[in-house]
Amino acid sequence: MSTMVAQAIGVSQSVISCIWNRFLESGSACRRPGQGRRRATTPNEDRYLVLTARRHRNMNATLLQQHLRSATGTTVSTQTVRNGLHGESLYARRPIVSVRLTSRHRRDRREWATEHVNWRRNEWSNVLFSDESRFSVHQDNRRIFIWRDRGSRNNPAFVHESVRFGGGDVLVHGDISIDGRTDLYIIRDGPLTARRYRDEILRPIVVPYATAIGDDFILMDDNCTPHRVNLVEDFLFEEGIVRMECPECSPDMNPIEHVWDALGRRVVGHQPPPQTIQELERALLEEWDRIPQLVINSLINSMPQRCSTLLAIRENHTPYCK
């Protein structure tokens, strides 16, 4: 009988025999309290592991295992350490990377947020958010995780191919505003200098856009060197273009950063995926035009909330995430 039952449910005959014998002895097929596998750690040792992990967030399971052995004399496996921490909802995850902010950076960020927290939509609609970003042909796969079975590490289905040095990249410039955007401009033939920024971006792209918006036009760019030299400052003054000063180390206050992130995800999912510089350029141009304007409007409309959030949190929690 036990053989037929085991075959029917796909388990070994010994499992069925153990369950049957347990039923004959106790009247129940379930284990009685205390009959399970003995715990490798005591509740006090579990608390010690949790407290140590919370105090030293960078410790891995091996170091926690060693600390437990030194403190209590108990030797357990690293998996037991992980299981104990999982029971307290502590899991090993990659930390969010942020930029270190000085006290001056924090002060400037708060002053900027205070100045713009009460701006309304009609005021933000005069702002052109401008920036450059770089995209690679072959994306960095080191942050990609997959679920796989043990022993299948070398299965071709679970291997992400990479190309040394990234296979080339493309530098682009873009501008967004409420209910509008400029065409994506691809910066070729070398780095972006102040002269190129003036002649290839400001004069042919930004100035006509400023004329269309009118006298209330405001340009918001970042603090990179080509944007801040005297040649550029003089040109903007001659054209009557007002620049919104952005605090240093604060690209989180420029909504175009989120547009770059969306563009990157779209290019990664582009079919077929770009394999050359030329294909990457075409994919960037196509996907830039396909980003819904409603998404861009929503990002800009969230600026007052961004300012409020920055002012509401404590200064030592203000670094932005890359």
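Is Asp179 buried or exposed? With a relative accessibility of 57%, Asp179 counts as exposed, where exposed means over 50% relative accessible area, buried under 20% and partly exposed in between (1.4 Å probe, protein chains only).

## Basis of the model

This is a predicted model, in which local features need pLDDT of at least 70 and side-chain atom pairs count only at pLDDT 80 or more, while totals for chains, interfaces and linings use all residues. Residues are numbered from 1 along each chain as its sequence is written, and side-chain values use heavy atoms, with hydrogens and water left out.

## Overall composition

The protein chain contains 13 helices and 6 strands. Helices (H or I, at least four residues) and strands (E, at least two) are DSSP runs, numbered from the N terminus. Of the 322 residues in the protein chain, 35% are buried.

The protein chain exposes about 20900 Å², and carbon and sulfur atoms supply 50% of that area; accessible areas come from the Shrake-Rupley method with a 1.4 Å probe, and for residues only the protein chains shown count as cover. Among contacts between residues at least 6 apart in sequence, 71% join residues at least 24 apart, a contact being heavy atoms within 4.5 Å.

## Helix H3 against helix H4

Two packed helices are described by the angle between their axes and the distance between the axes. Here axes are lines fitted to C-alpha atoms, for helices over the stretch in contact, and angles run from 0 to 180 degrees between N-to-C directions. Helix H3 (residues 43–55) packs on helix H4 (residues 61–72) at an angle of about 130 degrees, and their axes are 10 Å apart. On the side of H3 the contact involves Glu45, Tyr48, Leu49, Thr52 and Ala53, and on the side of H4 it involves Leu64, His67, Leu68, Ala71 and Thr72. H3 and H4 are therefore oblique to each other; angles under 35 degrees count as roughly parallel, over 145 as roughly antiparallel, 65 to 115 as roughly perpendicular and the rest as oblique. H3 passes H4 in a right-handed crossing, a crossing being left-handed if the near helix is turned anticlockwise from the far one by less than a right angle, and right-handed if clockwise.

Leu68 belongs to helix H4 and is buried, at 0% relative accessibility. Leaving aside neighbours within four places in sequence, Leu68 is in contact with Thr41, Glu45, Tyr48, Leu49, Gly73, Thr74 and Val76.

The axes of helix H10 (residues 256–268) and helix H11 (residues 277–290) cross at roughly 120 degrees and come within 9 Å. H10 and H11 are therefore oblique to each other, and H10 passes H11 in a right-handed crossing. Val259, Trp260, Leu263, Arg266 and Val267 of H10 meet Leu280, Ala283, Leu284, Glu287, Trp288 and Arg290 of H11. The loop between H10 and H11 holds Pro272, which is joined to Gln271 by a cis peptide bond with omega of about -5 degrees.

Helix H6 (residues 103–116) and helix H13 (residues 303–312) pack at about 135 degrees, with axes 9 Å apart. H6 passes H13 in a left-handed crossing. Arg109, Arg110, Trp112, Ala113, Thr114 and His116 of H6 make the contact with Met303, Cys307, Leu310 and Leu311 of H13. H6 and H13 are therefore oblique to each other. Cys307 is buried, with a relative accessible area of 0%.

## Cysteines and loop geometry

The count of disulfides is 0, a disulfide being a pair of cysteine sulfur atoms within 2.5 Å. Cys249 is in no disulfide, and the nearest cysteine sulfur, that of Cys246, is 9.9 Å away. Cys249 lies in the loop between strand E6 (242–243) and H10 and is partly exposed, with a relative accessible area of 29%. Although Cys249 is not a glycine, its phi is positive, at about 55 degrees.

Asp179 is another residue other than glycine with a positive phi, near 65 degrees. Asp179 is located in the loop between strand E2 (169–177) and strand E3 (180–181).

Asn230 lies in helix H9 (residues 230–239) and counts as exposed, at 61% relative accessibility. Asn230 and Ala194 are 36 residues apart in sequence, and their C-alpha atoms are 9.0 Å apart in space.
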